[in-house]
Amino acid sequence: MLLPKKKINWKFMHINLLRKGQEQSKIVPIALDDKVNEFIDWYFENMVKGHYTDIGEYHQPMEMRNLIEKMAVWYELRYPDYEINRLMPTSSQENIKIDDVMFNSNGYINEQLDEDSDVRVLDWDEFYNAKTFINSLPWEERSLFQKPRYSHLVYVELDGSSAHLHLTSDGIVQESEGLDAYTHFKVKDKNLEGMHIEDVVQLLKENGIVLPSDNELEATINHAKKWAYQKEGILNCVMYRIIERGGNRIGPRRAFLFAKEFERNIDIPMIYGVDYSDPGLRQFINEYIKAGGSKNLICYVGYFFRASKKEKIDTVSMQKLIQSVHHDCVTKYTPEETELHQRMVNALASQIDTDEVKKEEVKQLRLQRKLEKSRNHSTGN
């Protein structure tokens, strides 16, 4: 319903290939721009076509693309390159912090507030948070991030029947009228109250009720699913654009933060983020694994160094990356990994010491019992 089946199967087969660890020597990568274009095509076919004038149909896809770009830029402003580099180092660090730029070195703030103002200790990323950004958008864009809202009144048939449901905005049946007669009492109105409209449709079908092709029940469900898919598609495309706009090192790292915050697939930034010249690659890998990433993931190598969209590039498994990528030219493990290893060694050593103490205590207890038994025997007790 949402996308042509061939496209869905092709895309997920490709992503599954990357997840299952079926490493290949060379592969044509899925271009991130193509993924954005695919969503814009879906948006036009499902949410625009037939709902706007010719002028609207021409402009709406561009407006959607502009919104995606706007949100990607917002995330760049919220996390500039030097802040990403501070969180997940990849090169030498600039001597600048976004908090200082926005709150301490801000001429307007310095003119209006004194040095001891509480604004000086604010965190910019928290200040310019997602809710604030979305609330700052015009209504047409802001509404796209709302949950799907179901129609209050939904008829089974457009003509010829008064059977209908009263729904909450979440799709829960508040009241059902006329379904008794419409279904010849196979389904009763009072039994539908409190059910979700999707469950009502399933119940009707289970009882052999054939719904008209143009019934409002399924049309309402489909619209809500499309609306939810649209929101997911916008967020995914923002993540793709963040990767592309940020380049081979900063892009994937910034997109990784975005993926965690907006519950996107953290595999995607990692798939596109392998650059062997990146001195912070091992730390990035560690952040991905700590966030629940898969060791079976297959990543593109040097996606940003292609000369054309059709150029084949190498792939590498996450397991191999963990085994082969070093922290620097001297040490394999990052300071964090070294500390964790040392903690593990200390814990094991402590456990061994504890076990040895227990063994010695047991040994002493047995000797004490033998001595007591020997004394008792000698005294005739």
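## A buried aromatic pair

In this predicted model, W74 and F262 are both buried. A search of the whole structure finds 18 aromatic pairs, and W74 with F262 is edge-to-face because the ring centres lie 6.3 Å apart while the planes meet at 85°. The pair links distant parts of the chain, since W74 belongs to helix 3 (residues 54–78) whereas F262 sits in the loop between helix 13 (216–261) and helix 14 (267–271), 188 residues apart.

Ring pairs also join W74 and F262 into a cluster with Y75, Y79, F103, W124, F127, Y128, F133 and F258.

Y303 and F304 form another aromatic pair, edge-to-face, with 5.3 Å from centre to centre and 85° between the planes. Y303 has 2% relative accessibility and therefore counts as buried, while F304, with a relative accessible area of 25%, is partly exposed. R306 lies over the face of Y303, at 3.9 Å from the ring centre.

## Strand 2 and its partners

Strand 2 (residues 164–167) runs antiparallel to strand 1 (residues 153–155), to which three bridges join it, and it also runs antiparallel to strand 3 (residues 173–177), with four bridges between them. L165 of strand 2 stands opposite V154 and, on strand 3, opposite S176.

In a regular strand the side chains alternate between the two faces of the sheet. Within strand 2, H164 and H166 point one way and L165 and L167 the other way, and all are buried. The hairpin of strand 2 and strand 3 has five residues between the strands, and G171 there takes a positive phi near 90°.

Technical notes: Residues numbered from 1 in each chain as written. Predicted model: local features only at pLDDT ≥ 70, side-chain atom pairs only at ≥ 80, totals over all residues. Heavy atoms only, no water. Phe/Tyr/Trp six-rings, centres within 6.5 Å; stacked < 30°, edge-to-face > 60°. Helix = DSSP H or I, 4+ residues; strand = E, 2+ residues; numbered from the N terminus. Buried < 20%, exposed > 50% of the residue type's maximum accessible area, 1.4 Å probe, protein only. Lys NZ or Arg CZ within 6 Å of the ring centre and 35° of its normal. Pairing = 2+ DSSP bridges.
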